[in-house]
Amino acid sequence: MSYYFCYFNAINNTQHIKGKTMSNIKLKTKTLVDYPMDYTVSSDGTIRSIYTGRTLKVQVGKQNQLKISTTRDNKPVRLLVACEVLKAFIRLPERGEVVIYIDGDFTNCSLRNLRWGTRSEKHRLTINYKIK
């Protein structure tokens, strides 16, 4: 399964997806479930501040999953980008559900690449990705 690689070109301030500028591709945008007044998330996994319009810096966690840092009640909070995309566009997770990356790439937080699943399903898929 193919995925879209997203990068930001600082020279002319345009965001590209596989050589196409963002004006050519229509992205869906919704507010973050836990922070509806502060942030928006797009279907490609980009999280922006409503106040400044800037994209939040993404950090790579221990398991190569993308995270963002923010605060709530003056306390630092780290959120998984993939989890926030699924919560905004699909639904809240049921008990015991985890994020499944369809193509096995933990840095690809596009809505097309994400779904909810069980831990055993995620473990089985991870073994399959390592074998290939």
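**Strands, a turn and a buried lysine**

Strand S4 (residues 29-31) and strand S5 pair in the antiparallel sense over 3 bridges; two strands are taken to pair if DSSP finds at least two bridges between them. Helices (H or I, at least four residues) and strands (E, at least two) are DSSP runs, numbered from the N terminus. The model described here is predicted, so local features need pLDDT of at least 70 and side-chain atom pairs count only at pLDDT 80 or more, while totals for chains, interfaces and linings use all residues. Residues are numbered from 1 along each chain as its sequence is written, and side-chain values use heavy atoms, with hydrogens and water left out.

S5 and S6 form a hairpin with 4 residues between the strands, where Gly45 takes a positive phi near 95 degrees. Strand S5 (residues 39-42) is covered on both faces: Tyr39 and Val41 on one side, and Thr40 and Ser42 on the other, are all buried. Buried means under 20% relative accessible area, exposed over 50%, and partly exposed in between (1.4 Å probe, protein chains only).

The loop between strand S8 (66-72) and strand S9 (75-80) holds Asp73, and Asn74 lies in that loop as well. Asp73 has a phi near 55 degrees, a positive value in a residue other than glycine. For Asn74, phi is near 60 degrees, again positive in a residue other than glycine. Asp73 counts as exposed because its relative accessibility is 68%, and Asn74 counts as exposed because its value is 76%.

Attention now turns to a lysine in a helix. Lys87 lies in helix H1 (residues 81-89). This lysine counts as buried because its relative accessible area is 15%. Its side chain and that of Glu84 are joined by a polar contact of 3.3 Å. A polar contact is a pair of N or O atoms within 3.5 Å; within protein, one must be able to donate a hydrogen and the other to accept it, and residues adjacent in sequence count only if both atoms are side-chain atoms. Leaving aside residues up to four places away in sequence, Lys87 touches Val33, Asp34, Leu92, Pro93 and Trp116, where contact means heavy atoms within 4.5 Å.
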